[in-house]
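Reader: I'm new to this one. Could you walk me through how to read it?

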Amino acid sequence: MLRYLAIATLTLLLDQLSKWSALSNLQLGVPEPVLPFLNWLLLFNPGAAFSFLAQGSGWQRWFFTILGILASVYIIYLLRKSLEDKLLCVALSLILGGALGNVIDRIMYGAVVDFIDLYYANWHWPAFNVADSAICVGAALIIYSELRKSFGKSAQSH
């Protein structure tokens, strides 16, 4: 269990350090070109993924904070009961670290700090951060793990 909590803690630390760097070195809303498809762009997202509910009157800050805390508690429960599935535990650890990173932002700033801006021509993906990336990688690992289990069972049954 400790190794998975260490992964979550490392994810959380990388997220918070990267956000601290963005807050210290970037101006709000001013893109800093990095690569032909990547800018650093400091933004605050009071909503959820893809700015869902960002236009709310402020209630969403506490709703998503509580949701993130409840999700984190549930993830710790899942970790404890799934220790034999290493890939699932790594995935859950990444999601846990990312969720807690965004919860900290909501508590400290009232919104999530985003700073990674991927784009092609004039089309920009919604800005995101290390926590969001860890959550997505964790979710993809869970999907991969479940598909692998499903296909493994169907191949064995034939």
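Author: Helices (H or I, at least four residues) and strands (E, at least two) are DSSP runs, numbered from the N terminus. As for the source, this is a predicted model: local features need pLDDT of at least 70, side-chain atom pairs count only at pLDDT 80 or more, and totals for chains, interfaces and linings use all residues. Residues are numbered from 1 along each chain as its sequence is written, and side-chain values use heavy atoms, with hydrogens and water left out.

Reader: In what order do the strands of the open sheet come?

Author: Strands of a sheet pair through backbone hydrogen bonds, either parallel or antiparallel. Here the order of the four strands is β1-β2-β3-β4, with antiparallel pairing; two strands pair if DSSP finds at least two bridges between them. β1 (32-35) and β4 (123-124) are the edge strands, each pairing on one side only.

Reader: Which residues make up the largest nonpolar core?

Author: In soluble globular proteins, nonpolar side chains tend to be buried together. This core has 10 residues, including Y4, I75, L79 and L92. Such a core is a set of buried (under 20% relative accessible area, 1.4 Å probe, protein chains only) Ala, Val, Leu, Ile, Met, Phe, Trp, Tyr and Cys residues joined through side-chain atoms within 4.5 Å. With five residues, α3 gives the most to this core. A second, separate core of eight residues includes L26 and F115.

Methods:
Buried means under 20% relative accessible area, exposed over 50%, partly exposed in between (1.4 Å probe, protein chains only).
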